[in-house]
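Please open the model in a viewer and keep the selection panel at hand. The tour moves from one selection to the next.

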Amino acid sequence: MERVVDLDQVAMEVDARVAAWRVGGLTVGELTWRDHAFPWAQQFLTDRARVGDPDSVGVTLARGEDQVLEVVLYRGGWADVGFLSGDDGGALPANDITSAADFGRRLDGWVSHVFSARPTG
């Protein structure tokens with residue numbers, strides 16, 4: 001897989017936001033890493049030091065049980081973004097990500113989309 005985005009820089013973008021998310025009432029899960037070199041079925045690890053050739057990094061944010069955002073970014077420049085917010089949920093568009101800063105801006109938008117309003121359910 002082509003390396004478009006530096007996942008260690010992405011981790012720094014996430015880490016820079018954790019304190020503000022927690023102040024805002026969000027629970028922030030540990031970063032999860034997947035190593036490209038691991039055989040299938042690949043494991044997700046929380047210890048970056050155990051991942052020699054990262055091909056994805058992910059994080060889960062939640063407020064209670066009915067507002068959740070799960071994001072997994074792949075070094076090729078796309079992400080799997082799923083959310084639940086009350087009666088609403090699904091996937092959010094996440095392709096053509098060009099840098100860690102670009103990811104950070106999009107992450108801010110996804111967080112705003114999911115957590116800006118209280119769930120209606």
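Which residues gather in a patch of negative charge on the surface? Select Glu-65, Asp-66, Asp-87 and Asp-88, which form that patch. Patches consist of residues with over 30% relative accessible area and no salt bridge, like charges being joined within 9 Å. A salt bridge is a side-chain nitrogen of Lys or Arg within 4 Å of a carboxyl oxygen of Asp or Glu. Asp and Glu count as negative.

The model is predicted: local features need pLDDT of at least 70, side-chain atom pairs count only at pLDDT 80 or more, and totals for chains, interfaces and linings use all residues. Residues are numbered from 1 along each chain as its sequence is written, and side-chain values use heavy atoms, without hydrogens and water.

Stay on Asp-88, which lies in strand S7 (residues 88-91); strands are DSSP runs (E, at least two residues), numbered from the N terminus. Asp-88 is partly exposed, with a relative accessible area of 41%.

Next, select strand S5 (residues 67-74), where six of the eight residues are buried, meaning under 20% relative accessible area, while exposed is over 50% and partly exposed lies in between (1.4 Å probe, protein chains only).

Val-68 has Leu-84 as its bridge partner in S6. In the hairpin of S5 and S6, with three residues between the strands, Gly-77 takes a positive phi near 100°.

Definitions and conventions
Patch = residues over 30% accessible without salt bridge, like charges linked within 9 Å, V, L, I, M, F, W, Y side chains within 5 Å. Areas by Shrake-Rupley, 256 points an atom, 1.4 Å probe, with all protein chains shown as cover. Charge placed at Lys NZ, Arg CZ, Asp CG, Glu CD. Helix = DSSP H or I, 4+ residues; strand = E, 2+ residues; numbered from the N terminus. Pairing = 2+ DSSP bridges.
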